[in-house]
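Colleague: I am new to this one. Could you show it and walk me through some of its helices?

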Amino acid sequence: MRTQRMPNPAAMVPGVLEGLTALEAAVAAAGIDGRLLALSRLRASQINGCGPDVAAAARRAREQGATGDQLDTVAAWRETPWFSAPERAALALTEAVTRVADRADPVPDRVWDVAATHLDQKELAALLVGIALTNAANRISTSTRQH
C-alpha cells in the first residue's frame with residue numbers, strides 16, 4: 001500500500017465536507033432508488049480505481065438491498081442476468097459520464113435515451129449529480145492516496 005499524501009482535502013477546507021455531505025443527502029432525498037444509486041457509485045469507483053470508495057460503495061449497495069451476485073458482477077453487468085433494465089440504464093450512463101474523455105460524443109444519445117425511458121427527469125438529475133459527486137470523491141481520494 002502506498003503512503004497517503006495528505007489528510008482528506010475535503011476535510012481540510014472549511015465548509016467543503018459539509019457541502020459535499022449536504023449534496024449527497026439532497027441526491028438521496030430526490031426519490032431515486034437507493035440500490036440503483038449505490039450500484040452507480042460502485043461502478044464509477046471501480047472505473048476510477050478508487051479502493052476506499054469501492055469498499056464504501058459496496059457496503060452502501062449491500063445496505064440498499066443489492067444482492068451478492070450484483071456486487072460480485074457489477075464490473076461485468078452487461079454479461080449477467082442480475083440487473084434490472086433501470087439498473088442497466090443507470091450503469092451505462094454512469095460509465096459514459098465517468099469516461100467522458102474516452103470518446104468524441106461522451107454520452108451518446110442511445111445511452112441517454114435508454115436512461116430517460118427508465119428514469120424521470122428528477123431521477124436522471126439525481127443520478128447525474130450522484131455520478132459527479134462520486135467522480136469528485138474518487139479524484140480526491142486517488143490523487144491523495146486516501147485509505
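Modeller: Helices (H or I, at least four residues) and strands (E, at least two) are DSSP runs, numbered from the N terminus. This is a predicted model, in which local features need pLDDT of at least 70, side-chain atom pairs count only at pLDDT 80 or more, and totals for chains, interfaces and linings use all residues. Residues are numbered from 1 along each chain as its sequence is written, and side-chain values use heavy atoms, with hydrogens and water left out.

Colleague: Where does Asp69 lie?

Modeller: Asp69 belongs to helix 5, residues 68-73.

Colleague: Which side chain does Asp69 join in a polar contact?

Modeller: The side chain of Trp82, at 3.4 Å. A polar contact is a pair of N or O atoms within 3.5 Å; within protein, one must be able to donate a hydrogen and the other to accept it, and residues adjacent in sequence count only if both atoms are side-chain atoms.

Colleague: And what is the C-alpha separation of Asp69 and Ser45?

Modeller: These C-alpha atoms are 18 Å apart, with the two residues 24 residues apart along the chain.

Colleague: Turning to helix 8, how many residues has it?

Modeller: Helix 8 has 24 residues, 121-144, and reaches 35 Å from its first C-alpha to its last. That is close to the 34 Å expected at 1.5 Å a residue, where the expected span is 1.5 Å times one less than the number of residues.

Colleague: What happens at the start of helix 8?

Modeller: A side-chain oxygen of Asp120 comes to within 3.1 Å of the backbone nitrogen of Lys122.

Colleague: Which residue follows helix 8?

Modeller: Arg145, with a positive phi near 55°.
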